[in-house]
Amino acid sequence: MSLTHGWIPVVAQAVSTAVLLAAICWRSRRWLLVSVPLGLTAGLALAAATHWYIKDQGLAEDRAPVALWVWIGATGLAAAVTALGWRGARWWRRGVSLVAVPMCVLSALLILNSWIGYVPTVGSAWARATDRPLPGLIDRAGVAALQRQGAAPDWKTIVKVHIPDDASGFAHRDELVILPPAWYASVPPPRLPVVMMIGGEFGQPADWLYAGNAQQTINDFAAAHGGNAPVLVFPDYSGAFSNDTECVNGTRGNAADHLTKDVVPYMIANFGVSADPADWGVVGWSSGGTCALTLAVTHPELFGALVDIDGQFGPNAGTKQQTIARLFGGDADAWAAFDPRTVIVNHGLYKDMSAWFSVSVDTPTVYRLPADTEPTVPSDPTAAETSEDHAAVANQLCELASAHGIECAVVPNPGNHDFSSAASGFAAALPWLAGRVHTPELQPTLMPGAPAQR
């Protein structure tokens, strides 16, 4: 049963509306003229404060749906009605008032979830709430036993690993790996390519599996290509649900070092994957898309391809100055070391790097700049800080990247800025990406677009 559309959000909001109206309903003239306006004021204040906080912290790139602010305001109204009307109210009215508050909170959460698609179904919500293990979850010992059998396991197998943080000191949760059937074909395994999967701003390593359909996508791809597919690794880029690192080294932890100095060597040493940067890709959605771009352009010695799905210009924790203060302790040089546009300009010409920018808009023109062209480079490539226009962001980044030798394409992905769009964006890019990182027995797939479409 879907939690992002269908009858559950509709019924929950209808019930919440009925309960709230029952809690507010007329009691006395003073109630109508004084208490209700005070409650409405409290609701408006809560909605305004929440809007300010989200904007100030840079927590969202797209405008939130109006219904979200309505239900946040309704939550404030319900809480105020409960407090203002408690004294002298009958027992049933007190009970209705108490129920109205969590019902309004639930409606707000359902709208929020419909916006980002973080928990798509009742089943995934229950799995997260109960911390139920992912289907087929095994450890390294289980993988070794399966490999000795000489046959690939069921593709629901997901390997849980705890990667040491000796190089980064970054405290993190357990991370996940999916190995294609081809990995089990020999001992030692073939040196397969790897794709690092990074989710959105708040979350956990399993988000791409719970909400992004990554397991089914790679399963279908491998089934269509004789068991061949890249190895997928789902690292912990935040360390905690609410710790937005933007995949940089800074005040919130050395996330970049963990991804590049802990995760990459661990995968090579423990799973026998390829160490060639041309065989490594990184995929990310939303702030994870920004992470993918940042990691690839700052570490071309580790990654040869990236898929940026609805990412931003660079690490974002508010305005540029707020980002420098919050992520880097006020160190502008440290910010510049992780700002993709600054890094690209300072690096000069890249070799053997490709970027796929997926944008969740309905009808943009596929825009491609091959690496052998010389487009006009913006006079100040770091002038803009953030934008809600994903196509404009991607086109500017593609133009700059192409001017420095990075082959790129901006590819439309009809949908909203949510995990459903992330899932379809990854599925669309996978055939190209798998070929780009040299998946065995796979013919390369050309990027969409052509120079004539500029």
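**Two helices side by side**

A: Helix 1 (residues 7-24) packs with helix 3 (residues 66-85) at an angle of about 35°, and their axes lie 10 Å apart. Axes are lines fitted to C-alpha atoms, for helices over the stretch in contact; angles between N-to-C directions run from 0 to 180 degrees. Helices (H or I, at least four residues) and strands (E, at least two) are DSSP runs, numbered from the N terminus. The crossing of helix 1 and helix 3 is left-handed, a term for a near helix turned anticlockwise from the far one by less than a right angle.

This is a predicted model, in which local features need pLDDT of at least 70 and side-chain atom pairs count only at pLDDT 80 or more, while totals for chains, interfaces and linings use all residues. Residues are numbered from 1 along each chain as its sequence is written, and side-chain values use heavy atoms, with hydrogens and water left out.

Now the contact itself (heavy atoms within 4.5 Å). Helix 1 brings Gln13, Ser16, Thr17, Leu20, Ala23 and Ile24. Helix 3 brings Trp71, Ala74, Leu77, Ala78 and Val81. Of these residues, 8 are nonpolar, 3 are polar and none is charged. Here Ala, Val, Leu, Ile, Met, Phe, Trp, Tyr, Cys and Pro count as nonpolar, Asp, Glu, Lys and Arg as charged, and the others, Gly among them, as polar.

Stay on helix 3 for a moment. Leu84 belongs to helix 3. Leu84 is partly exposed, at 39% relative accessible area. Buried is under 20%, exposed over 50%, and partly exposed lies in between (1.4 Å probe, protein chains only). Residues up to four places away in sequence aside, Leu84 touches Trp31, Ser35, Leu38 and Gly39. Ala296 is 212 residues from Leu84 along the chain, and their C-alpha atoms are separated by 55 Å.

Now go to the segment before helix 1. Thr4 sits there. Thr4 is partly exposed, with 22% relative accessibility. Beyond four places in sequence, Thr4 is in contact with Pro9, Asn113, Ser114, Gly117, Val119 and Pro120. Leu40 lies 36 residues from Thr4 in sequence and 28 Å away in space, C-alpha to C-alpha.

Helix 4 (residues 91-116) holds Trp115. At 17% relative accessibility, Trp115 counts as buried. Trp115 touches Ala60, Asp62, Arg63, Ala64, Pro65, Leu68, His417 and Asp418, leaving out residues up to four places away in sequence. Trp115 and Ala423 are 308 residues apart along the chain, yet 15 Å separates their C-alpha atoms.

Farther along come some backbone details. Most residues other than glycine have a negative phi, and most peptide bonds are trans. Val187 and Pro188 are joined by a cis peptide bond, with omega about 0°. Pro188 lies in the loop between strand 3 (175-178) and strand 4 (194-198). Cys247 is not a glycine, but its phi is positive, near 60°. Cys247 is in the loop between strand 5 (231-234) and strand 6 (249-250). Cys247 is buried, at 1% relative accessible area. Asp310, also not a glycine, has a positive phi of about 60°. The loop between strand 9 (305-309) and helix 11 (320-328) holds Asp310. Asp310 is buried too, with a relative accessible area of 1%.

Next, helix 10 (residues 287-298), where Ser287 is placed. Ser287 is buried, with 5% relative accessible area. Its side chain reaches the backbone nitrogen of Glu201 at 3.0 Å. A polar contact is a pair of N or O atoms within 3.5 Å; within protein, one must be able to donate a hydrogen and the other to accept it, and residues adjacent in sequence count only if both atoms are side-chain atoms.

Helix 10 is also a partner of helix 13. In helix 13 (residues 340-347), Pro340, Arg341, Thr342, Val343 and Ile344 are buried. The buried residues of helix 13 pack against helix 10, helix 12 (332-336) and helix 14 (390-403). Gly348 follows helix 13, with a positive phi near 90°.

Last, confidence. The protein has a mean pLDDT of 88, and 91% of its residues reach 70 or more. pLDDT is the predictor's confidence in each residue, from 0 to 100. Over residues 375-379 the pLDDT stays under 50, and the model has 7 contacts for them beyond four places in sequence. Residues 450-454 are also below 50, with 9 contacts in the model beyond near neighbours in sequence.
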